[in-house]
Amino acid sequence: MSESKAIILGASGTALTPDEIAFYRDERPWGFIVFARNIESAGQLRDLTAAMRDCAGRADAPVFIDQEGGRVQRLRPPLAPNYPPGSALGAFYRHDAQAGLRAAWLVSRLHAFDLLRYGVNADCLPVLDVPVEGAHDVIGDRAYGKEPGIVAAMGRAAMDGLIAGGVLPVIKHIPGHGRAFADSHHHLPVVEASLDELRAHDFPPFRALADAPMAMTAHVVYTAIDTERPATTSPKAVADIIRGELGFDGLLMSDDVSMKALSGDFAARTQAILAAGCDVVLHCNGLMEEMRTVAGVAPVLSDEALRRADRAVAGLGADDGASEDETRAEFAALFEAVA
């Protein structure tokens, strides 16, 4: 891998501007992320992802997307079908465990077909958060269920489906966003559950999928771990819990550095994320002034972070030989039978 900075960046629109091209070529982000604002047509999206990789100077540069199904799905018809949310797949599991696991795998395998044809090769999925009663709906029906064992099993099936199709999965939001009573896009959630409660309810899916190639942090304060800092910027949360207790040794990316849950200017936020032990900083909104600040303090990937990054992309482009038509037909039949 040529030298890349420890950043994943968004873009402002459906094609890169001259300023973006020059900036990306100078700063060499490790990866990119696309949102609905970046998607107009099939050919346009293919051109955009190709241009991003050209700027990064790496054919294996990951281009991420949030393609979960339900309300969090950036690719929509006619570019990709609408898929059910995690909660609907979890309902399959409660009706028939094997059918649920198969449905989760099939949806992810279909995501891989959908994404790769447009040059998108990384999906911020599976969601391993386990909601509690009364929690904010920011997770809500995105979760597979409210039982840690079901979430872990379904998350494993979903992750395996992406990997089978050669798409990089990202488990989120480690070590758990399900207890948050605020939306971290707008406010800093504070979770006051004890460590015993977190270990029984929130941590198990992340521990079960600790072999995932990548994870995204939660912008959530867990007072039992760190009374002041959210997990994203807490050295104790990263070292003691995520790396230590949960055993995760994959590439750790922050959730979006521009979310309102974080405080300070963008340089301070970026430095705090990296100082806490995250490997890569995510910036989503494509605002050039903010991206320049983030890139200005982000280092080149090296040492353990580089090792994890190299390992994360090693599975890109895998192909289990599955037939897209047969996979779609199987999922349609399963959905009709179980729903």
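**View 1. Strand β12 and its two partners.** All six of the six residues of strand β12 (residues 251–256) are buried, so this strand is largely enclosed by the rest of the structure. Here, buried means under 20% relative accessible area, exposed means over 50%, and partly exposed lies in between, using a 1.4 Å probe and protein chains only. Strands (E, at least two residues) and helices (H or I, at least four) are DSSP runs, numbered from the N terminus. This is a predicted model, in which local features need pLDDT of at least 70 and side-chain atom pairs count only at pLDDT 80 or more, while totals for chains, interfaces and linings use all residues. Residues are numbered from 1 along each chain as its sequence is written, and side-chain values use heavy atoms, with hydrogens and water left out. Strand β10 (residues 214–217) pairs with β12 in the parallel sense over three bridges, and M214 has L251 as its bridge partner in β12. Strand β13 (residues 280–283) also pairs with β12 in the parallel sense, over two bridges; there, D256 has L282 as its bridge partner. Two strands pair if DSSP finds at least two bridges between them.

View 2. Nine strands form an open sheet with parallel pairing, in the order β7-β6-β3-β2-β1-β13-β12-β10-β8. At the edges stand β7 (168–169) and β8 (171–174), each with a single partner strand, so one side of each is left without a neighbour in the sheet. Strand β1 (residues 5–9) and strand β2 (residues 29–33) pair in the parallel sense over three bridges, and here K5 stands opposite P29 in β2.

**View 3. The nonpolar cores.** A nonpolar core is a set of buried Ala, Val, Leu, Ile, Met, Phe, Trp, Tyr and Cys residues joined through side-chain atoms within 4.5 Å. The largest one has 85 residues, and Y24, L75 and I171 have the most contacts inside it. Helix α4 (residues 97–116) brings the largest share of this core, 10 residues. A second, separate core of 23 residues includes A6, W30, A122 and A305. Zoom in on I171: leaving aside neighbours within four places in sequence, its contacts (heavy atoms within 4.5 Å) include L125, P126, M159, F206 and F248.

View 4. The structure holds one cavity of 30 Å³ or more, and the largest cavity has about 90 Å³ of space. A cavity is a set of points on a 1 Å grid over the protein atoms alone where a 1.4 Å probe fits but cannot get out; lining residues have an atom within 4 Å of a point. Grid points are joined across faces, edges and corners, and the volume is the space filled by probe spheres set on the points. Of the 14 residues lining the largest cavity, E68, G86, L89, L125 and Y144 lie nearest its centre. Helix α4 gives the most to this lining, with four residues.

View 5. For C284, the nearest cysteine sulfur is that of C124, 7.9 Å away. C55 counts as buried at 6% relative accessibility, and C284 counts as buried at 8%.

Conventions:
Disulfide = S-S within 2.5 Å. 1 Å grid on protein atoms, 1.4 Å probe; cavity = no way out; pocket = protein on both sides within 12 Å on 5 of 7 lines; lining within 4 Å.
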